[in-house]
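Trainee: Please take a close look at one part of this model for me. I would like the contact between two of its chains, and then what surrounds it.

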Amino acid sequence: MNELLRRLLFLPEQASTFARDVDNLHYFVILTTFVMSTAVGLTAIFFFIRYRRRSETQTTPHIEPKAWMEALFVGVPLIIFTAWFFLGYREFVRQYTPPIDSMDVYVMGKKWMWKFAYPDGPNSINVLRVPAGQNVRLLMTSRDVIHSFYVPEFRVKMDVLPGRYTQLWFNATTPGRYQIFCAEYCGAGHSIMRGEVIVLKPQEYEDWYSSQKRGLADRQDGQPTALDFAPPLGNLVDQGKRVAADQGCLKCHTTDGTRHIGPTWLDLYGRREKLSDGSVVVVDEAYMTESMMEPAAKIVEGFQPVMPSFQGKMTAPETAAVVEFIKSLQSDAVRTGPSEGPAYAPIRGR
Amino acid sequence: MRLSEADSHALSGASPVPDYLHDGTTVMSWLNTRDHKRVGVMFLVSVIVFFFVGGLFALLIRFKLLQPGPFFMDALSYNRMFTLHGVVMIFLFLIPAIPSAFGNFVLPLMLGARDVAFPRLNLFSYYLYLTGAAVALWGMIHGGADTGWTFYTPYSSTTPTQVAPILLGAFILGFSSILTGLNFIVTVHTLRAPGLGWMKMPLFVWSAYATSVIQILATPVLAITLLIVTVERIGGFGLFDPARGGDPVLFQHMFWFYSHPAVYIMILPAMGVISECVCAFSRKNPFGYKAIAFSSLGIAFVGFFTWGHHLFVAGQSVFVGGAFGLLSMFVGIFTAIKVFNWVGTMYRGAISFKTPFAYICGFLYFIVFGGMTGVALATTSLDIHWHDTYFVVAHFHFIMVGASVMAFLAALHYWFPKMFGKVYHEGWGLVAASLIILGFNATFIPQFLLGNFGMPRRYYQYPEHFQALNVASTAGATLLGFGFLLIVIYLGIALKWGSRSTESNPWGSKGFEWLTASPPPTHNFDEIPTITQMPHDYRTHEPSGVIRVA
Amino acid sequence: MSHEAEAGLPPGILGHHFSSLARQNEAARLGMWLFLATEILLFAGLFTGYAVYRFQFPEAFAECSRHLELTLGTVNTVVLITSSLTVALAIHFARTNRPRAAAACLVITILFALAFLGIKAVEYTAHFHEKSLPGKYYAFEEVKIPGAAMFFSLYFLMTGLHALHVIAGMIVLGFNCWHTLHGRYSSRYYTGLELGGMYWHLVDMVWIFLYPLLYLI
């Protein structure tokens with residue numbers, strides 16, 4: 001029955017301890033809604049057939065409802081809605097009250113990515129790993145605008161607000177991978193601000209967690225970690241790659257030449273870009289740095305001024321590393337298009 | 001004055017007083033009119049134009065959503081599109097649609113008045129509407145906002161798009177709506193015809209009155225909120241900016257304090273239209289007149305205490321969530337009372353299935369389903385899953401389109417002969433009605449399921465497993481679009497080439513607005529009527545049975 | 001026009017759709033009361049903001065409040081209350097058929113309003129000099145507690161919006177004055193002037209709430 005209704009209503013898989021209870025209430029609520037609207041519709045149709053107009057000058061009696069009818073009109077919806085409310089509110093209180101034995105994970109939302117940090121060390125981007133059968137509490141905040149953390153399979157959602165913490169808890173029952181959505185509109189990348197919860201068997205989680213603590217984290221799934229926890233890094237380019245992933249640059253700028261929300265970084269260095277005001281700029285270190293700190297100043301034609309400023313969000317070495325990383329992204333393709341007079345010759349490397 | 005005028009007509013042998021459409025035909029005679037009927041017609045034309053503008057945005061959005069990946073337009077254009085769709089539909093169509101267009105036209109007629117209390121203010125309200133629309137349009141052309149019509153801070157105070165003109169436009173439109181509401185309340189209080197006590201007023205007047213109360217009490221709060229966001233953008237005041245100690249959620253409280261009651265600004269007049277049409281097409285007195293009348297006031301009152309159900313997952317406390325959840329249930333009960341009484345009105349009536357009645361049937365089904373899903377959304381724990389998903393989108397479109405637009409169309413067909421003295425083609429009317437009701441279901445039922453499935457709203461790209469339902473929804477929207485287009489075509493034809501209605505009351509309706517000729521003369525009544533009976537009293541069939549000319 | 005002449009009124013006062021002047025006056029007053037209600041709700045939004053942030057930053061608000069010029073604020077309060085009196089007098093004179101006295105009172109009221117704005121301008125200049133400005137422009141040396149910028153944001157929003165209302169009120173009273181001199185108001189009809197007066201009293205009332213909130217507590 002549960003499975004049939006769930007599929008009929010297109011509800012996602014039930015992967016947390018809440019899901020089953022919320023869905024039961026859902027079935028009850030939707031079924032009463034169907035019954036009521038069909039009943040009203042059928043009564044109207046019945047009246048229409050039974051009391052069709054028979055002549056254009058037909059008269060009708062004056063009818064006033066009796067007191068018991070009015071009582072019924074108020075009473076029936078009152079009983080239904082109050083029942084809904086109390087059933088729903090009991091579940092709501094449960095969802096809003098994290099148990100004491102919960103494991104904490106810190107969540108930070110920013111345009112347009114999720115960062116997760118475990119209290120004693122490991123952290124990750126866009127991938128949250130939790131053990132099955134364990135109460136998990138997320139302590140969430142935002143760096144810029146309001147986001148909302150949403151995992152449909154768990155039936156949980158909570159807004160992520162700048163300047164304060166909100167919390168959310170769940171207990172995932174089934175190991176597997178579940179998508180995280182941002183449910184509060186947050187700009188151009190709102191719909192790609194997605195992540196993944198990976199529910200692991202408790203033992204697997206333990207293994208992963210201890211390996212993380214040993215500092216092997218980033219090699220394992222190619223996810224760069226924040227600089228604070230990473231071992232000393234090699235050259236600037238590698239560092240820049242990490243910073244770019246970490247700051248969310250790659251959410252909008254590709255490194256393979258495809259066009260996205262922002263201009264691609266491939267072959268960006270040294271390119272002559274036409275700006276939205278018609279002038280032309282040669283992409284050099286100065287332009288790249290300016291674009292990071294004051295993005296709206298010079299917008300490349302055909303793109304929208306949606307990039308947030310990184311003023312104060314990146315240190316000087318980090319900025320330099322990103323610039324170096326962009327400079328390293330040069331394809332070997334022969335430049336096409338009409339040849340132009342000598343411009344600044346790009347200098348490779350340093 | 002009227003005596004002498006009548007005398008002069010008698011002397012010259014000219015036709016009697018011209019109707020309002022022919023009393024001056026220059027453009028200036030329209031632009032500078034004080035006649036509530038002409039202001040109503042100008043509002044009607046404007047809101048229909050903006051309805052199609054908003055509808056075009058909707059179709060573009062639906063077209064993009066055929067594909068899960070980037071397609072047809074980029075993310076920013078898409079975001080602007082749904083923002084403009086919301087802003088245009090809410091501020092330029094739904095809020096003024098029934099009160100300012102039909103309310104202006106029929107409210108004084110129903111009260112037996114020669115005009116609204118402040119005719120000049122009424123015209124000014126129309127010009128404010130045009131100004132607000134122009135400012136908002138200017139903003140749309142010069143960049144457009146990408147905040148969604150809810151303008152949530154801090155996104156709206158930081159995004160580089162043109163938010164300020166849109167905010168300013170909405171601010172001005174708010175004042176237009178306040179002035180209309182003020183005018184209606186004063187008109188109802190001071191210009192009722194002799195014998196027309198409060199408990200004899202047509203139900204449309206009751207609902208327009210309740211709407212006006214909301215317009216007056218809620219709109220100023222929106223105005224100041226939008227003003228604060230504007231100074232925040234321009235001057236960096238920081239009231240809603242967490243970086244300066246401000247509270248972004250305070251914006252949501254102030255915004256929904258207006259915008260939730262604003263939902264009732266959109267739906268209450270629709271309920272009034274349905275109350276009139278159900279009676280007229282069932283030839284029956286309203287079943288439970290008092291219940292319908294007072295539930296309008298009840299909705300207007302309780303509507304002010306439910307805004308918190310938009311913030312169940314915005315970090316308010318469990319207790320506050322519960323309180324707002326419980327209060328939201330009462331709005332549902334008042335609506336339910338109305339629905340049962342409308343169905344009751346059909347009991348032992350004499351029902352004729354004309355186009356407006358088709359819309360009534362659609363309305364009844366949509367408001368029960370849309371209303372109950374609304375109450376379901378206020379069922380705190382279910383909202384956690386549904387909040388900001390397509391379920392919410394489908395729910396409020398059931399109310400806004402399924403109920404309000406259906407009522408708007410019912411009113412358009414029911415009062416079309418009253419306003420223009422022409423008859424439209426009944427057959428095409430029914431075809432369009434069935435297209436629209438069918439298309440509507442096909443558009444929004446898939447969206448309910450999408451919401452259940454977990455697709456958040458305002459998504460430009462979406463995972464592939466949502467595609468089938470999105471395609472279904474787009475197909476439905478196309479059908480809906482054709483339906484609306486069809487209406488414009490046959491009503492346009494009726495207006496231009498249609499036969500003049502032979503009777504001034506083609507429906508045989510006993511609503512008070514039919515006591516005067518169709519189209520009405522400039523000052524509505526040669527003599528102010530004295531009302532002796534309730535509206536829609538069909539115990540006798542003499543057309544003027546309810547009136548005794550003093 | 002005929003029923004205006006019957007009531008012995010100058011043309012252009014009684015609308016064709018009203019049965020009597022008494023009914024029209026009732027309508028006009030009701031309309032004005034409703035309009036005043038919307039004005040109060042407009043300010044209510046700001047009062048709500050004030051309440052929220054006062055609760056959040058009690059020390060900063062108390063400290064900033066002490067840095068406002070209490071004397072100037074008090075003088076301004078006296079000026080506005082007196083101007084309410086002169087408006088009331090103007091209505092009194094108009095209804096006892098003394099239009100010149102009424103017009104004089106209105107002129108005095110407008111002068112009071114100008115004085116009020118002048119004093120406010122002096123205060124604003126001081127704020128600009130010491131950089132006690134709203135939001136991101138705040139750089140006041142003497143108060144550096146978090147929330148101080150918020151106080152000044154609210155201060156400028158509230159007093160600025162109020163000042164706009166003072167200006168609107170001056171324009172309304174200016175029209176009233178012109179009409180008074182042209183013999184529109186008399187014991188038979190003075191509703192237009194009365195409405196202008198009501199609006200001016202509202203402007204005054206709002207200040208009576210702003211003054212303690214900003215200067216005293």
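Mentor: In this predicted model, 79 residues of chain B are in contact with 76 residues of chain A. Two residues are in contact if their C-beta atoms, placed from the backbone, lie within 7 Å. Residues are numbered from 1 along each chain as its sequence is written, chains are lettered from A and ligands numbered from 1 in the order in which they are written. Because the model is predicted, local features need pLDDT of at least 70 and side-chain atom pairs count only at pLDDT 80 or more, while totals for chains, interfaces and linings use all residues.

Take the side of chain B that touches chain A. At least two residues each come from H4, helix H6 (155-158), helix H9 (248-282), helix H11 (318-346), helix H12 (355-378), helix H13 (380-386) and helix H15 (426-453) of chain B. Helices (H or I, at least four residues) and strands (E, at least two) are DSSP runs, numbered from the N terminus. H11(B) gives the largest share, 15 residues. By class, this side has 45 nonpolar, 27 polar and seven charged residues. Here Ala, Val, Leu, Ile, Met, Phe, Trp, Tyr, Cys and Pro count as nonpolar, Asp, Glu, Lys and Arg as charged, and the others, Gly among them, as polar.

Now pick one residue across the contact. A:Ala44 sits in helix H2 (residues 17-50) of chain A. A:Ala44 touches B:Val343, B:Met346, B:Cys361 and B:Leu364, leaving out residues up to four places away in sequence. A:Ala44 counts as buried because it has 21 C-beta neighbours inside 10 Å. The cut-offs: a residue is buried if 20 or more other C-beta atoms lie within 10 Å of its own, exposed if 12 or fewer, and partly exposed in between.

B:Leu364 leads on to the core. B:Leu364 is among the residues with the most contacts inside the largest nonpolar core, as are B:Val205, B:Ile274, B:Phe363, B:Ala407, B:Ala410 and B:Ala411. This core has 313 residues. A nonpolar core is a set of buried Ala, Val, Leu, Ile, Met, Phe, Trp, Tyr and Cys residues joined through C-beta atoms within 7 Å. Helix H4 (residues 75-111) of chain B gives the largest share of the core, 25 residues. Apart from this core lies another, of twelve residues, among them A:Cys249, A:Leu268, A:Val322 and A:Ile326.

Beyond four places in sequence, B:Ala410 touches B:Val273, B:Ile274, B:Cys277, B:Pro356, B:Tyr359, B:Ile360 and B:Phe363.

Helix H7 (residues 163-190) of chain B is largely enclosed by the rest of the structure, because 24 of its 28 residues are buried.

Chain B has another partner. 31 residues of chain C are in contact with 34 residues of chain B. On the side of chain C, helix H2 (21-56) and helix H6 (148-181) of chain C are the elements that give two or more residues. The largest share, 17 residues, comes from H2(C). The residues of this side divide into 17 nonpolar, eleven polar and three charged.

Chain C itself has seven helices and zero strands. Its C-alpha trace spans about 70 × 30 × 25 Å along its principal axes. Of its 217 residues, 38% count as buried.
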